[in-house]
Amino acid sequence: MNTQLFLLINASDQASKLFIYFAIFCANYLMYLPIVVMTIYCFFKSSYRLLVIKMILSLGLALLITFIIRHLFYSPRPFAVNIGTNYLLHDQTSSLPSQHAVFVWTICLTVCLNYARCFKKLVFLLVLVAVLVSWSRIYLGIHWPLDIAVGFLVSMVSVYIIKKFWFLIHPIIKRLLSHKKNSIDS
């Protein structure tokens, strides 16, 4: 089923060059948009900094889980087993889970699960970015659909853990930030 879904999404040999370039842009560069947006949010309101701290902690946990999974279970990329069409150069590292999917979905889910009501337009933008990045990695032949799905699950678990234990983490963060502020003021 993973292979059939991959072949359904993966670009054919006759794919439009313009569409291939769009997918390459999505696969390689679109993931930076959430970083730019969140940086801008931080400069306008200090209350958004807690959201960014939650994102950073969730990303750290998600990438740690990704690192462990990738080193425990090797999953060859589609082009490594000669399935589909590959339009993007990539090393033959383990593909499960997709680090790009983990990155964009963790940022997206942090906002969705913590501040969805406050940031409706941002949530829409982040979901769109996450879907486009995830789709492009399959379309260009770099990842299997299962790699994206596992990346989404890793993101969901990481964001949930940080949200669940935020009551323990928040006082430590608050203390660190107030200590830093006091050091600067002195």
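This is a predicted model: local features need pLDDT of at least 70, side-chain atom pairs count only at pLDDT 80 or more; totals for chains, interfaces and linings use all residues.
Helix H4 passes helix H7 in a right-handed crossing. H4 covers residues 48-72 and H7 covers residues 145-164. Their axes lie 8 Å apart, and the two helices pack at an angle of about 135°.

Which residues make the contact? On the H4 side they are Lys54, Leu57, Ser58, Leu61, Ala62, Ile65, Thr66 and Ile69. On the H7 side they are Val154, Ser158, Val159, Ile161 and Ile162. Sorted by class, the residues where H4 meets H7 are 9 nonpolar, 3 polar and 1 charged.

## The overall picture

Now let us step back to the whole protein. It has 8 helices and 0 strands, so reading along the sequence gives the pattern α-α-α-α-α-α-α-α. The C-alpha trace spans about 65 × 35 × 30 Å along its principal axes.

Of the 186 residues in the protein, 43% are buried. Contacts also reach across the sequence: among those between residues at least 6 apart, 81% join residues at least 24 apart.

Helix H2 (residues 17-28) and H6 form another pair to look at, with axes that come within 8 Å and cross at roughly 120°. That makes H2 oblique to H6. H2 passes H6 in a left-handed crossing. From H2, the residues that take part are Phe19, Ile20, Phe22, Ala23, Cys26, Ala27 and Asn28. They meet Leu132, Val133, Trp135, Ser136, Arg137 and Tyr139 in H6. By class, this contact of H2 with H6 divides into 10 nonpolar residues, 2 polar and 1 charged.

H3 and H4 also pack together, with axes that come within 8 Å and cross at roughly 145°. Met38, Tyr41 and Cys42 of H3 make the contact with Tyr48, Arg49, Leu51, Val52 and Met55 of H4. In the contact of H3 with H4 there are 7 nonpolar residues, no polar ones and 1 charged.

## The nonpolar cores

How many residues are in the largest nonpolar core? This core has 31 residues, and those with the most contacts inside it are Val104, Trp105, Val111 and Leu122. Helices H3 (33-44), H4, H5 (99-115), H6 (120-139) and H7 are the elements that give two or more residues to this core. H5 gives the most, with 8 residues.

Not counting residues up to four places away in sequence, Val104 touches Met31, Val129, Ala130 and Val133. There is also a second, separate core of 11 residues. Its members include Ala23, Ala27, Tyr139 and Leu140.

## The loop between H4 and H5

Several details worth a visit sit in the loop between H4 and H5. Ser95 is found in this loop. Is Ser95 buried or exposed? Its relative accessible area is 0%, so Ser95 is buried. Leaving aside neighbours within four places in sequence, Ser95 is in contact with Arg70, Ser75, Pro76, Arg77, Ile142, His143, Trp144 and Asp147.

Pro97 also has its place in the loop between H4 and H5. A cis peptide bond joins Leu96 and Pro97, with omega of about -10°. Asn82 is in the loop between H4 and H5 as well. Although Asn82 is not a glycine, it has a positive phi of about 55°. Both features are worth a second look, because most residues other than glycine have a negative phi, and most peptide bonds are trans. Asn82 is exposed, with a relative accessible area of 71%.

## A stop on helix H3

Val36 lies in helix H3. How exposed is Val36? Its relative accessibility is 46%, so Val36 counts as partly exposed. Val36 and Leu176 are 140 residues apart in sequence, and their C-alpha atoms are 25 Å apart in space.

Terms used: Residues are numbered from 1 along each chain as its sequence is written. Side-chain values use heavy atoms; hydrogens and water are left out. Axes are lines fitted to C-alpha atoms, for helices over the stretch in contact, and angles run from 0 to 180 degrees between N-to-C directions. Helices (H or I, at least four residues) and strands (E, at least two) are DSSP runs, numbered from the N terminus. A crossing is left-handed if the near helix is turned anticlockwise from the far one by less than a right angle, and right-handed if clockwise. Contact means heavy atoms within 4.5 Å. Ala, Val, Leu, Ile, Met, Phe, Trp, Tyr, Cys and Pro count as nonpolar, Asp, Glu, Lys and Arg as charged, and the others, Gly among them, as polar. A nonpolar core is a set of buried Ala, Val, Leu, Ile, Met, Phe, Trp, Tyr and Cys residues joined through side-chain atoms within 4.5 Å. Buried means under 20% relative accessible area, exposed over 50%, partly exposed in between (1.4 Å probe, protein chains only). Angles under 35 degrees count as roughly parallel, over 145 as roughly antiparallel, 65 to 115 as roughly perpendicular and the rest as oblique.
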